[in-house]
Amino acid sequence: MSALVAAAPGVYVREAGAEVIKSARMPQFIIPTIVLPPAFYALFALGMGSGNVEMATRTLATFGVFAVMGPALFGFGANVAGERETGQLELKRLSPMPAGAHIAAKLVATIVFSAFAFALIYGLAIFAGVRLAPTQWATLATVHTIAVLPFALIGLGFGYRLGQKGAIAIANIVFLAMAVMGGLWMPVAVLPEFIQTIAWALPSYHLGEIALMAVGQSDAANLWLHAGPLALITSAAAIFAWTGQGRHAA
Amino acid sequence: MSPSASSTVARLEGVSKAYSGRSVLTDFDFALEAGSVVALLGPNGAGKSTVAGLITGRLAADAGAVALFDRDPRDADSRARMGVMLQAAGLPEALTVAEAVGLHAGYFKRRLKTKDILEQAGLTALAKRRCDKLSGGEQRRVHFALAIAGAPDFLVLDEPTTGFDPEARRAMWRLVREKADAGVGVLLATHHMDEAEALADRIVVIADGKIIADGPPAAIKAKVAGSTIRIRTGLSPAHLKMLPSAAKVDQRGADTAILTTNARATLEALFSADPAFTDFEVTSASLEDALADIIANTVKEAA
């Protein structure tokens, strides 16, 4: 153990705390990403599909994935780009902070704020008459939490490569494309065939399908059919993020 | 536990560095001792930021050895003994000054107490202010606070007083001087000659990837020209250049400026060569004049 560098666990905890505080104090950025998905869910499940519990259950699974995408894509993409542009990232790199602490802290903050968003949707779902077994709720929450990872990595990859404005623009496009073409708003089956093909390359599609398995709306025997591609896509996103590091070096 | 005055903090030996084929440093040697403030000066693109980048471990050398406290600058332990103030640096907007400083200090085991850091940087009154509510000069003081948070043995300061009023600049110089007197080695990159002159124990001038002058500010000034003689004379510039100790001759209309390393010797020769010269004035050359001259001469020789 080093005589000069602070113990890693303490640094990770403090860094994560600071990230949560930073986001919480910037409500103008975090509120829209948290409120938008539950508002859409209310429109679909309580408004248009009122009384249709099966639809409310189906959209509960897919909107939970949608809810995670906002904080993950914007939190990592725009946020990291901003910190990179202002030299804050550089200063951390020159410090003895453990290399992973900053990203891990952002991941924690993203999970915290994503959890707010999907917890709101869970509440609305219960209000709409959705009833799940406790294990189903637990599985669903796990799937939605894991969903943070691929989107965060994609956002990080853009954050390392683009300026803050560019990262926000790309995050918006990725956000909408993944939601629509990944079948989070309406099932992929009703979309044009070429979009159904594209969906296979999107983490949102596979996460949506796995979440549907968790609520009993899709056959869990097909788990690997979606978990396999999801693992591949996530690995590709990790490589995309990793190779973006240090792009800014003069 | 401050290191002895003679110990070397940072060292570059035979270092070469090129960017996409364009050589910036070639066989470059440099050392920085504990307790001294060394200012790196030179035109943009001369290699100053490359030297700083290599020492801080931001860049890797193509050849040669770079050591910080006799280790690789990328080691966490060498970084833990270094404090850095970057030129372009933001702050975590939503955190207060005390939170931002405490968070950064938390990376170091041998850290100062947040309260002490704030006091040293003159930020006690601003402790609870959010970083996005600070003026430019106040932000710069927070950057300095971050740099000293880990009780560093080596400080890298890039344009530390940009945006400061004269009083705040002198206060910052005092802080840096105190650190150096306590044994900290300081690498200073600045465009302000008065800052280099006021702070630096040693000035290292870099042009085209080579050190073209290295010494205390007074010696750098003396090396080129102790003074400038301004006169009106009938003698030609070529003739004036032959005068003893004359380093450089500039003619603008009827006025001529002679840079000299020994004003007395030059003037005596001038009296005998042209007793009719008029309107003479002797001023001591500024560090800025000296540097401009050193750099111009080097570029001329290279061409």
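Reply: Happy to! Let us begin with the elements: helices are DSSP runs of H or I with at least four residues, strands are runs of E with at least two, and both are numbered from the N terminus. By that rule, chain A has 11 helices and zero strands. Before we go on, this is a predicted model, in which local features need pLDDT of at least 70, side-chain atom pairs count only at pLDDT 80 or more, and totals for chains, interfaces and linings use all residues. Residues are numbered from 1 along each chain as its sequence is written, while chains are lettered from A and ligands numbered from 1 in the order in which they are written.

Me: What makes the radius of gyration of chain A agree with that of a compact globule?

Reply: The radius is taken over C-alpha atoms, and the globule rule is 2.2 Å times the number of residues to the power 0.38. For 250 residues a compact globule would come out near 18 Å, and chain A has 19 Å, so the two agree. Along its principal axes, the C-alpha trace of chain A spans about 60 × 35 × 35 Å.

Me: Why are α3(A) and α8(A) called roughly antiparallel?

Reply: Axes are lines fitted to C-alpha atoms, for helices over the stretch in contact, and angles run from 0 to 180 degrees between N-to-C directions. Angles under 35 degrees count as roughly parallel, over 145 as roughly antiparallel, 65 to 115 as roughly perpendicular and the rest as oblique. Helix α3 (residues 53-85) and helix α8 (residues 164-181) of chain A pack at about 165°, with axes 8 Å apart. Therefore α3(A) and α8(A) are roughly antiparallel.

Me: What is the handedness of the crossing of α3(A) and α8(A)?

Reply: A crossing is left-handed if the near helix is turned anticlockwise from the far one by less than a right angle, and right-handed if clockwise. α3(A) passes α8(A) in a right-handed crossing. Residues count as in contact if their C-beta atoms, placed from the backbone, lie within 7 Å. Among those making the contact are F66(A) and L73(A) of α3(A), with I168(A) and F175(A) of α8(A).

Me: How do you know whether α2(A) and α5(A) are parallel or antiparallel?

Reply: Helix α2 (residues 27-48) and helix α5 (residues 101-127) of chain A pack at about 20°, with axes 9 Å apart. These two helices are therefore roughly parallel, and the crossing of α2(A) and α5(A) is right-handed. Their contact includes Y41(A) of α2(A) and F113(A) of α5(A).

Me: Which classes of residue make up the contact of α2(A) with α5(A)?

Reply: Ala, Val, Leu, Ile, Met, Phe, Trp, Tyr, Cys and Pro count as nonpolar, Asp, Glu, Lys and Arg as charged, and the others, Gly among them, as polar. This contact has 15 nonpolar, no polar and no charged residues. For comparison, the contact of α3(A) with α8(A) has 14 nonpolar, four polar and one charged.

Me: What makes α3(A) roughly parallel to α7(A)?

Reply: The axes of α3(A) and helix α7 (residues 148-161) of chain A come within 7 Å and cross at roughly 25°. That makes α3(A) roughly parallel to α7(A). The crossing is right-handed, and V68(A) in α3(A) and F151(A) in α7(A) are among the residues that meet.

Me: Now chain B. Why are β5 and β9 said to stand at the edges?

Reply: Two strands pair if DSSP finds at least two bridges between them. Six strands of chain B form an open sheet in the order β5-β6-β7-β3-β8-β9, with mixed pairing. β5 (82-85) and β9 (210-215) each have a single partner strand, so one side of each is left without a neighbour in the sheet.

Me: What makes β11(B) and β12(B) a pair?

Reply: Six bridges join β11(B) to β12 (residues 255-260) of chain B, and the strands run antiparallel. Here A246(B) faces T260(B). Both strands belong to an open sheet of four, in the order β11-β12-β10-β13 (chain B), with antiparallel pairing.

Me: Last one: how many residues does each chain give to the contact between chain A and chain B?

Reply: Chain B gives 26 residues and chain A gives 24. The side of chain B that touches chain A has 13 nonpolar, six polar and seven charged residues.

How values were computed. Contact = placed C-beta atoms within 7 Å.
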